[in-house]
Amino acid sequence: MVDNVSDLLLDGNAAVRLLHDLFVPDITLAQIRCQECDTLRGVGSLVVHAAPMGAVLNCTDCDCVLMRAVQTPHGLWFEMAGARYLKF
Ligand SMILES: [Zn+2]
């Protein structure tokens with residue numbers, strides 16, 4: 001029995017296996033739910049606006065921005081604030 005809630009808290013390294021399982025599969029096979037219109041679509045079917053530094057992926061139904069990926073000299077940035085979730 002756990003006497004203290006802080007005994008259940010671990011650092012991010014404890015989630016490595018789960019995160020590995022999330023990010024290694026082919027992302028084009030994942031489904032993404034749009035935060036704005038609640039549509040569930042395959043990532044491979046999204047509308048892409050490509051640029052030299054990265055890409056913006058929009059919802060096929062409402063044109064909301066679902067994902068942004070940018071490669072800069074400081075790293076690879078990935079944001080998906082317009083999506084509720086990805087499902088693999
Ligand atoms: Zn949408």
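Leaving out residues up to four places away in sequence, Thr60 touches Arg41, Ser45, Leu46 and Val47, where contact means heavy atoms within 4.5 Å. The model is a predicted one, in which local features need pLDDT of at least 70 and side-chain atom pairs count only at pLDDT 80 or more, whereas totals for chains, interfaces and linings use all residues. Residues are numbered from 1 along each chain as its sequence is written, and side-chain values use heavy atoms, with hydrogens and water left out.

Thr60 is located in the loop between β4 (54-58) and β5; strands (E, at least two residues) are DSSP runs, numbered from the N terminus. The side chain of Thr60 reaches the backbone oxygen of Ser45 at 3.1 Å, which is a polar contact in the sense of a pair of N or O atoms within 3.5 Å, where within protein one must be able to donate a hydrogen and the other to accept it, and residues adjacent in sequence count only if both atoms are side-chain atoms. With a relative accessibility of 40%, Thr60 counts as partly exposed, the classes being buried under 20% relative accessible area, exposed over 50% and partly exposed in between (1.4 Å probe, protein chains only). Although Thr60 and Gln71 are 11 residues apart along the chain, their C-alpha atoms are separated by 24 Å.

The zinc ion is coordinated by the SG atoms of Cys34, Cys37, Cys59 and Cys62, at 2.3 to 2.4 Å; donors are N, O and S atoms within 2.8 Å of the metal (3.2 Å for Na, K and Ca), and sites may look incomplete because water is not among the atoms. The angles among the four donor atoms are 103 to 113 degrees, and the site is tetrahedral, a class that requires all angles of four donors to lie between 85 and 135 degrees. In sequence, the donor residues follow the spacing C-x2-C-x21-C-x2-C. Cys34 counts as buried at 1% relative accessibility, whereas Cys37, at 32%, counts as partly exposed.

An open sheet is formed by three strands in the order β2-β1-β7, with antiparallel pairing; two strands pair if DSSP finds at least two bridges between them. Both β2 (40-42) and β7 (83-87) stand at the edges with a single partner strand each, so that one side of each is left without a neighbour in the sheet. From one strand to the next the twist averages 25 degrees, with axes fitted as lines to C-alpha atoms and angles running from 0 to 180 degrees between N-to-C directions. Strand β1 (residues 31-34) pairs with β2 over three bridges in the antiparallel sense, and Ile32 stands opposite Arg41 in β2. Arg33, which lies in strand β1, is buried with a relative accessible area of 18%, and a polar atom of its side chain lies 2.6 Å from the backbone oxygen of Asp38.

A further open sheet consists of four strands in the order β3-β4-β5-β6, and the pairing is antiparallel. Here β3 (47-51) and β6 (75-79) stand at the edges, each with a single partner strand, so one side of each lacks a neighbour in the sheet. Five bridges join the antiparallel strands β4 and β5, and Val56 has Arg68 in β5 as its bridge partner. Thr72 is found in strand β5 (residues 65-72), and its side chain makes a polar contact with the side chain of Trp77 (3.1 Å).

Technical notes
Tetrahedral: all angles 85-135°; square planar, octahedral: opposite > 155°, others 65-115°.
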